[in-house]
Amino acid sequence: MSGFIDLHIHTTASDGSLSPSEAVALAAKAGMKAIAITDHDTAEGIGEAAGAAVKFGIELVPGIELSVDYKGRGIHILAYFIDTENEHLRRLLDWVISERERRNKLIARAMREDGIDVSLDALHKKNPDSVIGRPHFAAELVNAGLVKSVKEGFDKYLSPGGRYYRKREYIPMDMAFDALSKCGAKAVFAHPLQYRFSHTELLELTALLKEKGIVGMECIYSVYSPEESAYLKSLAADFELCVTGGSDFHGAGKPHISIGSGCGDMKVDYELLEMLKEI
């Protein structure tokens with residue numbers, strides 16, 4: 001079956017600027033045959049997206065992007081065909097919510113100590129359908145007149161070394177893969193070159209992830225050159241992993257990235273989704 005797909009899309013359920021239904025509508029307008037909604041550490045947008053997918057006649061793959069601990073830093077695992085009602089996945093996401101709230105409270109407290117009027121209750125009321133995180137605190141810095149943009153808020157105050165940055169705890173790797181296995185998901189190593197690992201380090205990590213249960217690697221990505229994609233495809237072949245691809249669309253947060261075409265010339269064939277389904 002021919003056509004193009006995008007297996008990496010974010011919505012307002014995490015840190016995207018479009019609602020799940022708006023993202024599906026935009027994907028349909030872009031001519032996508034299938035998409036995956038893969039919000040960060042939450043599956044809350046899947047239900048709305050599924051309804052919109054029926055309306056617009058587009059295939060929806062229920063997914064998620066998990067931030068997993070690897071030697072003290074976060075690496076991203078995309079999981080497809082998740083069962084959003086699975087108790088093991090639900091428990092995992094409850095842990096994520098608890099950890100996020102812990103961190104958010106520390107950030108809010110630090111900002112209030114500097115006289116910035118911010119509270120988690122207010123943020124939740126202002127963003128009822130979103131997972132509260134650093135983008136929302138950065139927006140409060142804009143409102144307070146300390147910065148001119150959300151990006152500047154991140155760069156100056158909410159990135160490592162910034163006054164309001166507080167370290168997060170990533171999902172323990174075994175916890176993540178245990179839950180994904182038990183909910184029938186197909187796990188994929190997301191944007192492998194974004195972590196700036198050396199070739200040897202990337203081989204080491206890929207071998208570990210293969211052992212833990214990944215079945216694919218995101219080799220086609222918005223900012224990857226044909227040479228970079230070819231390198232990753234070769235790596236995927238060496239580890240007998242499926243090739244996948246997606247834009248990592250966020251909307252206003254990454255205005256240079258479009259659904260389906262990434263930075264302009266990304267193309268992911270539907271046949272890659274068919275291969276993923278067959279595993």
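Predicted model: local features only at pLDDT ≥ 70, side-chain atom pairs only at ≥ 80, totals over all residues.

Reply: The chain has ten helices and seven strands. Its C-alpha atoms fill a box of roughly 55 × 45 × 40 Å along the principal axes. For 279 residues, a compact globule would have a radius of gyration near 19 Å, and the chain agrees, at 19 Å. Buried residues account for 51% of the chain. Take the contacts between residues at least 6 apart in sequence: 72% of them join residues at least 24 apart.

Now the strands. Strand 3 covers residues 59-70. Ten of its twelve residues are buried, so the strand is mostly covered. Strand 3 pairs with strand 2 and with strand 4. Strand 2, residues 34-37, runs parallel to strand 3, and four bridges join the two. Within this pairing, Ile-35 stands opposite Leu-60 of strand 3. Strand 4, residues 73-80, pairs with strand 3 in the antiparallel sense. Eight bridges hold that pairing. Strand 3 and strand 4 form a hairpin, with two residues between them. Lys-71 sits in the turn and has a positive phi of about 55°. As background, side chains in a regular strand alternate between the two faces of the sheet.

Next, two residues further along the chain. Met-217 belongs to strand 6, residues 214-221. Its relative accessibility is 0%, so Met-217 counts as buried. Beyond its neighbours within four places in sequence, Met-217 contacts Val-188, Phe-189, Pro-192, Thr-206, Leu-232, Leu-235, Ala-236, Leu-241, Cys-242, Val-243 and Thr-244. Where does Met-217 lie relative to Gly-74? The two are 143 residues apart along the chain, and their C-alpha atoms are separated by 17 Å.

Thr-244 lies in strand 7, residues 242-246. Thr-244 is buried too, with a relative accessible area of 1%. Residues up to four places away aside, Thr-244 touches Leu-7, Val-188, Met-217, Glu-218, Cys-219, Ile-220 and Leu-276.

Now the helices. Two packed helices are described by the angle between their axes and the distance between the axes.

Helix 5 spans residues 134-143 and helix 6 spans residues 150-158. Their axes are 8 Å apart, at an angle of about 100°. Helix 5 and helix 6 are therefore roughly perpendicular to each other. Helix 5 supplies Arg-134, Pro-135, Phe-137, Ala-138, Ala-139, Leu-141 and Val-142 to the contact. Helix 6 supplies Val-150, Gly-153, Phe-154, Tyr-157 and Leu-158. By class, that contact has ten nonpolar residues, one polar and one charged.

Helix 7, residues 173-182, packs with helix 8, residues 199-212. Here the axes are 10 Å apart and the angle is about 45°. Helix 7 and helix 8 are therefore oblique to each other. Met-173, Asp-174 and Phe-177 make the contact from helix 7. From helix 8 come Leu-208, Leu-209 and Lys-212. By class, the contact of helix 7 with helix 8 has four nonpolar, no polar and two charged residues.

Definitions and conventions:
Residues numbered from 1 in each chain as written. Heavy atoms only, no water. Axes fitted to C-alpha atoms, helices over the stretch in contact; angles between N-to-C directions. Parallel < 35°, antiparallel > 145°, perpendicular 65-115°, else oblique. Contact = heavy atoms within 4.5 Å. Nonpolar A, V, L, I, M, F, W, Y, C, P; charged D, E, K, R; others polar. Buried < 20%, exposed > 50% of the residue type's maximum accessible area, 1.4 Å probe, protein only. Pairing = 2+ DSSP bridges. Rg over C-alpha atoms; globule rule 2.2 N^0.38 Å.
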